Amino acid sequence: MSIFEYNGSAVVAMVGKNCFAIASDRRLGVNLQTIATDFQRIFKIHDKLYIGLSGLATDVQTLHQRLVFRHKLYHLREERDMKPETFASLVSAMLYEKRFGPYFCMPVIAGLGDNDVPFICTMDAIGAKELAKDFVVSGTASESLYGACESMFKPDMEPEELFETISQALLASVDRDCLSGWGGYVVLVTPTEVQERTLKGRMD
Amino acid sequence: MKLDTSGLNSMVPLYGAEEDSEESILSVPSSFQLPRTTDFDGFQKKAVQMVKPAKGTTTLAFIFKEGVIVSADSRASMGGYISSQSVKKIIEINPYMLGTMAGGAADCQFWHRNLGIKCRLHELANKRRISVTGASKLLANILYSYRGMGLSIGTMIAGWDETGPGLYYVDAEGGRLKGKRFSVGSGSPYAYGVLDSGYRYDMTIEEAAELARRAIYHATFRDGASGGVASVYYVGPDGWKKLSGDDVGDLHYLYYPVTASPVDQEMSEIPVS
C-alpha cells in the first residue's frame with residue numbers, strides 16, 4: 001500500500017445555499033490495524049474557514065500547525081481574517097515549496113467568502129488547486145465518495161438537508177473502505193452559526 | 001514434480017466407453033492443465049502475484065466441554081476496497097464437519113467441496129463416517145502436493161466423530177496441526193487476545209458462543225480487513241448447527257452503548273426581568 005494509504009482517511013466538503021459542510025472519518029490506523037477512533041482531520045482556521053486534511057497523519061498535524069501559524073501572522077499584520085481564496089493560494093504555495101520532498105496530504109478547503117458565498121476547493125499533495133461548485137473529496141475512500149456525492153448531491157440545499165446528504169454520502173462511502181470510517185465528524189457552517197456533530201457509524 | 005491429482009478423480013464418466021477428448025462436457029479432465037511457456041517459473045511467479053492472496057479475515061475455532069465452536073467474520077477485501085460484506089466463510093463440508101475459509105476464496109471453496117466429495121466416497125466405500133483426523137489428512141496431502149503453486153488456504157477443519165470433538169488447522173504450505181484453539185487471518189491476533197483470556201474448558205454452549213462472538217467483534221473493530229457479520233456455529237454429537245449471525249456494527253453499540261455526554265456549550269434563553 002502506498003504512503004497515502006498508511007493511515008487511512010476520508011474527507012468531503014459540500015456546498016449548499018449560503019452554507020457549506022465539511023466532513024471526515026475518525027479513524028487513525030497503521031496499515032490494517034486501527035489505533036484510534038477519535039482522530040481529528042478537520043481544523044478551524046477562522047470562524048468561516050475550515051480545512052480538512054487527508055493522508056499521512058503526521059503531515060496532517062504538522063501542516064495544520066503551520067497553517068494556523070501563518071494565518072495568525074496574517075491576522076496580526078492585516079487586522080482581518082483571510083479570505084478562503086487567498087488561503088487556498090497560501091496552502092498551494094506552501095505545498096509546492098516542498099515539491100521534491102512533499103507533505104503526503106491532500107487538503108480540502110471550505111469557507112464562506114465575501115457576501116457569505118461558499119467556497120470549496122481541493123488540492124493534490126504538491127498544490128494543484130481544483131475548484132468546484134458542488135463537492136470535493138479526498139482520502140483513501142475518494143472513489144467511493146465521488147460516486148456517493150455525485151448521486152446524492154443537489155444544488156442549493158438548505159443546511160439541514162445538506163447535513164443529511166453529506167453524512168449519508170460519507171457513511172456509505174467509508175463502509176466500502178477498509179482503511180477509513182469508525183465514525184464520522186461533520187461541521188456545518190452558515191453565516192450565523194457553526195454546528196459540529198459526531199456521526200454514529202459502523203465500527204468495523 | 002508429480003502432482004497428486006487424485007483430488008480431481010471424483011466423477012466416473014456417465015457413458016462407460018467415453019475415451020475421447022478432455023473437452024467433453026460429461027467427463028472431468030484428469031489433471032489441471034499447466035500452461036505451455038518457455039519460462040514456466042517466471043510465469044508461475046506472475047500468476048501468484050496476480051491472485052495476490054492476502055488473508056484479510058478473522059476466523060476462529062475452539063474445543064470445549066460440549067463440542068466445538070466455529071466462528072468467522074464476513075468481509076472480503078481487495079487491497080483497501082471492500083468487495084463484499086456478506087461472504088460465507090464457514091463452509092459446510094458435510095452435516096457433521098465444518099471448514100473455515102481464509103485466504104483465496106476460490107481455493108477454499110473448491111478444495112473444501114472436493115474434500116466433501118472424498119469424505120462421502122469414503123463413507124460409501126467403508127460403511128462408516130470418516131474421522132476428522134482422516135479428513136484433515138486428505139486435505140493436507142492434496143495441498144502439500146500443490147505446494148509452491150500459489151494456492152492460498154488457511155483453514156480449520158472442525159467436526160465431531162467417534163472419538164469426540166476434533167479440530168485441525170491445515171494450510172496451503174502443507175502444515176497440519178491438531179489443537180484445541182485456533183484463530184486464522186489478519187484479525188487473528190486481536191481474536192486470540194479475547195479468546196485466550198476468556199476461555200475455560202467447562203463453559204455452556206451459550207457462554208462459548210458469546211466468547212466467540214466477542215472475539216470476532218473485537219477483531220473486526222481493530223482490523224481493517226475484517227468486518228460485516230459475525231457468524232457462530234456449534235458442532236456437537238448430532239452435527240453442526242448455526243447459532244447466530246450478528247452484524248458487528250450493531251454489536252458495537254450493544255456492547256458499548258452511546259451515553260449522553262455533558263453538553264459543552266449550550267445556548268439558552270435568559271429570562272429578562
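Predicted model: local features only at pLDDT ≥ 70, side-chain atom pairs only at ≥ 80, totals over all residues.
**View 1. An acidic patch on the surface of chain A**. Four residues gather here: A:Asp156, A:Glu158, A:Glu160 and A:Glu193. Together they make a patch of negative charge. The relative accessibility of A:Asp156 is 56%. A:Asp156 therefore counts as exposed, since the cut-off for that class is over 50%.

**View 2. The hairpin of strand 5 and strand 6 in chain A**. Strand 5 spans residues 42–46. Strand 6 spans residues 49–55. Two residues lie between these strands in the hairpin. The pairing is antiparallel and runs over four bridges. In one of the bridges, A:Phe43 has A:Ile51 of strand 6 as its partner. Strand 5 is largely enclosed by the rest of the structure, because four of its five residues are buried.

**View 3. A:Phe135 in strand 10 of chain A**. Strand 10 covers residues 135–139, and A:Phe135 belongs to this strand. The relative accessible area of A:Phe135 is 7%. A:Phe135 is therefore buried, as that class takes values under 20%.

Technical notes:
Residues numbered from 1 in each chain as written. Chains lettered and ligands numbered in written order. Heavy atoms only, no water. Patch = residues over 30% accessible without salt bridge, like charges linked within 9 Å, V, L, I, M, F, W, Y side chains within 5 Å. Areas by Shrake-Rupley, 256 points an atom, 1.4 Å probe, with all protein chains shown as cover. Salt bridge = Lys/Arg side-chain N within 4 Å of Asp/Glu carboxyl O. Lys, Arg positive; Asp, Glu negative; His and termini not counted. Charge placed at Lys NZ, Arg CZ, Asp CG, Glu CD. Buried < 20%, exposed > 50% of the residue type's maximum accessible area, 1.4 Å probe, protein only. Pairing = 2+ DSSP bridges.
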